[in-house]
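Please look at the sequence and the model below, and then read on for a careful account of how some of the side chains meet.

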Amino acid sequence: MSSGTLQRLRNKAGYLLSSAAKHLSGGHRNCPSCGSAPAEQLDQKWLVTTFCRCSRCRLLYRIPTSDARENETFYQEDYTEGFTTDLPSAAEIQHLIATQFAGSEKNYAHYLAVLRALRISPGARLFDYGCSWGYGSHQLAAAGYQVDSFEISRPRAAYARTQLGVSMPALDSLQSASYDVFFSAHVIEHVPSPAAMIALGMRLLKPGGLFVCFCPNGSLTFRQRAPRDWHLMWGQSHPQLLDEVFLKHTFPQQPLLLHSAPLLHWNDPVHLKAVTAWQQKPGVSVGGLDHVEMLFATVKDDVPH
Ligand SMILES: [Zn+2]
């Protein structure tokens with residue numbers, strides 16, 4: 001058995017024991033994003049974990065919840081997700097850089113196609129939030145964007161900085177209203193509070209800047225199409241999922257684009273069309289929500305907060 005498999009088993013056992021203890025004590029039930037009580041239960045796993053919608057902010061989240069300290073410990077020491085978290089050797093990273101990640105599962109060509117479809121020009125200042133070991137930040141910079149990044153895991157942040165030259169300024173040193181794009185790929189479903197992450201993005205964006213977020217598609221449209229995949233999406237490492245109900249509630253006035261695609265398929269013209277067509281005007285623009293990966297994008301309004 002590999003050390004990664006063992007680590008996953010240890011994580012799972014610890015997660016189930018801790019969930020059972022929290023379940024018995026009756027706590028850890030309120031929304032991690034806004035603190036309100038759950039409104040309805042949508043799913044259940046392992047007898048002691050349930051998946052609910054928040055009565056106030058409408059987030060889909062797992063009960064029992066994790067607190068920020070558990071989240072921090074998990075991402076420093078325990079989280080393992082194959083190529084996303086395993087640091088490449090010196091030879092592997094040289095090959096990845098030389099080939100611009102072509103053919104690897106971390107190739108960002110499909111995300112770059114979305115940024116181009118959103119009319120984000122090279123030279124734009126982009127913040128890559130939750131960059132893991134820097135594979136995406138590196139490719140975004142190679143495409144001509146001015147990239148600064150953040151990663152909660154210290155070993156992965158250090159790797160991004162030293163091996164890929166990723167710029168990783170301290171979060172509290174960042175100037176408000178200084179980025180054209182706040183970008184994240186498969187981060188918001190992991191964070192202690194999506195509301196806090198969205199607030200950070202809105203603080204860092206210039207007026208008119210774009211918040212661009214890729215995440216698992218938590219929508220009930222996708223659940224109806226692929227119930228088993230949807231059921232497997234939430235759990236220990238995805239304490240919440242985003243869907244159109246939460247996003248429409250969170251961004252009632254701003255322009256909002258919601259769309260989905262199969263993994264690695266955003267550069268297919270069929271999926272790119274709704275992105276290109278989006279006018280960034282107030283109101284919701286919904287593409288298809290049938291596929292596993294959701295994109296949502298919104299515009300920071302011009303009014304200073
Ligand atoms: Zn809430």
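## Side-chain contacts in a predicted model

Arginine 53 and glutamate 40 form a salt bridge in which the closest N and O atoms are 3.9 Å apart, a salt bridge being a side-chain nitrogen of Lys or Arg within 4 Å of a carboxyl oxygen of Asp or Glu. This pair links distant parts of the chain, with arginine 53 in strand S2 (residues 49–54) and glutamate 40 in strand S1 (residues 38–45), 13 residues apart. Helices (H or I, at least four residues) and strands (E, at least two) are DSSP runs, numbered from the N terminus.

The model is predicted, so local features need pLDDT of at least 70 and side-chain atom pairs count only at pLDDT 80 or more, while totals for chains, interfaces and linings use all residues. Residues are numbered from 1 along each chain as its sequence is written, and side-chain values use heavy atoms, with hydrogens and water left out.

Arginine 53 also meets aspartate 243 in a salt bridge, at 2.8 Å from N to O. Here the partners are 190 residues apart, since aspartate 243 lies in the loop between strand S8 (240–241) and helix H10 (244–250), whereas arginine 53 is in strand S2. In general, side chains of opposite charge can pair when their charged atoms come close.

The structure holds six salt bridges, and another of them joins the side chains of lysine 22 and glutamate 70, at 3.0 Å from N to O. Lysine 22 belongs to helix H1 (residues 3–25) and glutamate 70 to helix H2 (residues 68–78), and the two residues are 48 residues apart.

How accessible are the residues in these pairs? The table gives their relative accessible areas, where buried means under 20%, exposed over 50% and partly exposed in between (1.4 Å probe, protein chains only).

| Residue | Relative accessible area | Class |
|---|---|---|
| Lysine 22 | 10% | buried |
| Glutamate 70 | 26% | partly exposed |
| Arginine 53 | 3% | buried |
| Glutamate 40 | 37% | partly exposed |
| Aspartate 243 | 1% | buried |

A zinc ion has as its protein donors Cys31 (SG), Cys34 (SG), Cys54 (SG) and Cys57 (SG), lying 2.3 Å from it. Donors are N, O and S atoms within 2.8 Å of the metal (3.2 Å for Na, K and Ca), and water is not among the atoms, so sites may look incomplete. Cysteine 34 lies in the loop between H1 and S1 and cysteine 54 in strand S2, so this pair ties together parts that are 20 residues apart in sequence. Cysteine 34 is partly exposed at 24% relative accessible area, whereas cysteine 54 is buried at 0%.

The structure also holds 19 aromatic pairs, in which rings of Phe, Tyr and Trp (its six-membered ring) have centres within 6.5 Å, with planes under 30 degrees apart counted as stacked, over 60 as edge-to-face and the rest as tilted. Phenylalanine 127 and tyrosine 179 have ring centres 5.3 Å apart and planes at 70°, so the pair is edge-to-face. Phenylalanine 127 is in strand S4 (residues 125–129) and tyrosine 179 in strand S6 (residues 179–185), 52 residues apart. Phenylalanine 127 counts as buried at 0% relative accessibility, and tyrosine 179 counts as buried at 2%.
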